[in-house]
Amino acid sequence: MVITTTIPDSGEHLDSTFASRYVRTPVPKYKMPANPIPKEAAYQIINDELMLDGTPRLNLASFVTTWMEPECEKLMMASINKNYVDMDEYPVTTELQNRCVNMIARLFNAPVGETDTAVGVGTVGSSEAIMLAGLAFKRKWQSKRKLEGKPYDKPNIVTGANVQVCWEKFARYFEVDLKEVKLSEGYYVMDPVKAVEMVDENTICVAAILGSTLTGEFENVKLLNELLTEKNKETGWDTPIHVDAASGGFIAPFIYPTLEWDFRLPLVKSINASGHKYGLVYPGVGWVVWRTKEDLPDDLVFHINYLGSDQPTFTLNFSKGSSQIIAQYYQFVRLGFEGYKNVMENCLENARALKEGIEKTGLFNIVSKDVGVPLVAFSLKDSSKYDVFEISGSLRKFGWIVPAYTMPPNAEHIAVLRVVIREDFSRALAERLISDIEKVMKEMETHLIRVSTKTAHVTATVDETQDGDDGGKKHIKKSARETPEEIATYWRQLVARKKTGVC
Amino acid sequence: MVLSNTFSKSDESIHSTFGSRYVRNALPRFKMPENSIPKEAAFQIINDELMLDGNPRLNLASFVTTWMEPECDKLIMASVNKNYVDMDEYPVTTELQNRCVNMIAHLFNAPLGEAEAAVGVGTVGSSEAIMLAGLAFKRKWQNKRKAEGKPYDKPNIVTGANVQVCWEKFARYFEVELKEVKLREDYLVMDPVKAVEMVDENTICVAAILGSTLNGEFEDVKLLNDLLIEKNKQTGWDTPIHVDAASGGFIAPFLYPELEWDFRLPLVKSINVSGHKYGLVYAGIGWVIWRSKEDLPEELIFHINYLGTDQPTFTLNFSKGSSQVIAQYYQLIRLGYEGYKNIMENCRENMLVLKAGLEKTGRFNIVSKDNGVPLVAFSLKNNSCHDEFEVSDYLRRFGWIVPAYTMPADAQNVTVLRVVIREDFSRTLAERLVIDIQKVLHELDTLPAKITAKIALNGENADKNVTVVTKKSAIETQREITTVWRKFVMEKKKMNGVC
């Protein structure tokens, strides 16, 4: 006789995710939960929360690539479990990195022979690339000074005040003094004349930016090279140049091939470029290329053998994914010179269209130049009634993320909005953005009128109370503008405070 | 009348990839190609070349995760275009990172209140994590010395010679002297007694490793803590400890919860752990946790606003992908404490199976301990005929990647093979590996006999001269050949420039 037992009702595994208890319990935030949950539930919970993140493609603040072809995504997914640093185990992936370095070096006119191997490395981004380049300069300078029997404890680097934060990080973490050339209203990049004046015997290099983060402008590297060559002749210090081409490195060669900014200039010893900006790859890859072997001191390169065989390594990061390197090679092979050129030309066209649309409103000054990174930076002609920060806040309602920020010294009184035109920002989106900006401006104007009437009422009340107060003191009436401004500032500070804490 | 032109070739766009001209052209290696090619061709060409890479899951050299659930892969792919550093634009992703930091800090028994936010950050790996921790120690020590009016130009750090290369990088790049405690043949990790002896007034911290790369052993952090407290009492130098728990940080709390190695020890001020090792996430994520706010000098934190609002940042990398951070959160809530424990117990079980299988061959000494990272490090009992490097080479033919390497000073004459047991190394694979190792040994055993005969033959013919021809032993010839080939391969690799 067969005895049947009823299976206890473990209906849990039958529940659809949203019918299960998993979406009822609070999400763990401080402590690891004691028990596991089904993978479908884990996926759904996280996926749903992430819906509240901004949409990457509408994030007009970022230079970093937000779209790639599905074929490339396939390659990326297939290589996501390959640890890039295992050169012995993944020789083809390593080879692909080397090919990218070779191609980029030649794109930048590095003085290498037809089949010579260029000196360079793939990094996680331009931050790491810049730190490696800076480290190489620091070490070379120290060695030189030691030989000359001179002090080498106070290295410095000369840059513009418009540098991206990674230069300040490099300076602070590696104990190099940062000598910044101040900007001025109307001149938002490093002035080569002033820069060369600031060079002294402790300067390890002068860093020029091709594609300033703030306005997209290209600095005049050629003029810097000429002036510095002059000064080097007089002083004998041999100060070199590094070009931070994080954005511009993948634009200039295609759109402005006659512009001399790279290794064609003899004092340029190293260049960094972000693969994940106009290199058209998802975040996580940068490149640094040195002119020759001599420009990369050998004692900075490590050799290890515990993954099986000898491997030279000169990066700050060790283990990391291989996907972005492979994606970079895909882009080089897929697009070629012609493809990149077409993409950049499209970006410039769309930037021009956006610029014209914004100018037509009559309310803005265009701060960015036509030559440079395809972006549009614009400020208000009149910021007395409302400022760019409020416009930025209002644009969010439509889904657009357009950042507003102030210029560094000495142009702190200038505040701009900036829209970066990436590969996937089509003409249709540009036109839609213009119409949304027009809507926002209209709102600003009408809202202002409404506020004035309200506050006028409030001011009257305030006056009454103050009349009753007697102390001989003068009571300054708050203007219609100041009260809502105060409130907005208070809230902004409250939110900002909440955000403090290590990133 | 309609005139039709026959085209000699069909329209290019309908060619199948392998019928097109794209697979006939040499692949660009040095210069960017002039023209674009169709995306299908680009995909196929690159995909095919990559087939010749090693199989990540058979790579037994690596601690780094090689398998994740498909649901997680979906999340990873969906967030591959999110730039992690845009805190303002992606507040949920930032929030997930903070939750991970909190959970890991609690896992390490950081002294935090119930709803207090922990101090820590996600990094690209333990290398970046260690550099940040080291930087914090260096700055704290410098500030202390400045306040005391003493010189602060010669900082040093005390570690074992078994440290991973990132400590040497940190030392060289950030100009800190590395004082290494030498190993011994019978003691392959840092000796706490010797370490504390080496501490002087310039020591910014002592770094202990939980899970040595070489043999998986946990260093005795508790003993180090006790001895260092004693010394600090005498000297008043207040030297702290950093624990490099790159591998061990996600093992010890689950397998050895009573082992005191973390913030329970008062001198431990920061800990790093690799999310991409036993944190069970793909390559590209690490974590560093500080005991409290005081242990992270404020001046190292930057505040920027050009992405729209104020954002504090203390990492070496800026822009990077968000996928791995999200994947780490997925694992933490998907598995929970119990899930991680189960996985670690499985790894340990399979490690014991492999170890038993190797011992049964009677040809190996087991160098790794049972307690520690689940890996098996073993050396040949008799390596006069063949050495571990040859075993490693031969295993490649079966598809296995098992590295062989020498120990650092002062145990350089010890060579080991190492197999790391990861989450996805099942019992079946362990048994198969044992069988394949036995096959390799069998093959190597038969080899010398053949070569000795050949040499004998040549020796006779050469005997016509008066000069004495020294017969090369079988192993020496083999070694020569291997060395020549290895040099040849190395030369090829060296030509490729910096890593």
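Where in chain B is B:Lys277 found? B:Lys277 sits in the loop between β6 (268-274) and β7 (286-290) of chain B, with helices (H or I, at least four residues) and strands (E, at least two) taken as DSSP runs and numbered from the N terminus. Before we go on, a word on the ground rules: this is a predicted model, in which local features need pLDDT of at least 70 and side-chain atom pairs count only at pLDDT 80 or more, while totals for chains, interfaces and linings use all residues. Residues are numbered from 1 along each chain as its sequence is written, chains are lettered from A and ligands numbered from 1 in the order in which they are written, and side-chain values use heavy atoms, with hydrogens and water left out.

An unreviewed UniProt entry places the feature "modified residue: N6-(pyridoxal phosphate)lysine" at B:Lys277; UniProt positions are given in the numbering used here, feature names are shortened, and annotations may be inferred rather than shown by experiment. B:Lys277 counts as buried because its relative accessibility is 13%, where buried means under 20% relative accessible area, exposed over 50%, and partly exposed in between (1.4 Å probe, protein chains only). Leaving aside neighbours within four places in sequence, B:Lys277 is in contact (heavy atoms within 4.5 Å) with B:Phe63, B:Val64, B:Thr65, B:Ala246 and B:Ser247.

Another loop of chain B, between α6 (192-198) and β4 (203-209), holds B:Glu201. B:Glu201 is partly exposed, with a relative accessible area of 35%. Not counting residues up to four places away in sequence, B:Glu201 touches B:Trp141, B:Arg145, B:Lys150 and B:Trp237. With B:Arg145 there is a side-chain to side-chain polar contact at 2.9 Å; such a contact is a pair of N or O atoms within 3.5 Å, where within protein one must be able to donate a hydrogen and the other to accept it, and residues adjacent in sequence count only if both atoms are side-chain atoms.

Now step out to where the two chains meet. Here 135 residues of chain B are in contact with 134 residues of chain A. The area buried between them is about 12,200 Å², of which carbon and sulfur atoms give 60%; buried area is the accessible area (1.4 Å probe) that two parts lose on being put together, summed over both. Across this interface there are 50 residue pairs in polar contact, both at pLDDT 80 or more.

A:Arg99 is buried, with a relative accessible area of 2%, whereas B:Glu49 counts as partly exposed at 22%. A salt-bridge network links A:Lys138, A:Arg139, A:Asp299 and B:Glu175.

Terms used
A salt bridge is a side-chain nitrogen of Lys or Arg within 4 Å of a carboxyl oxygen of Asp or Glu.
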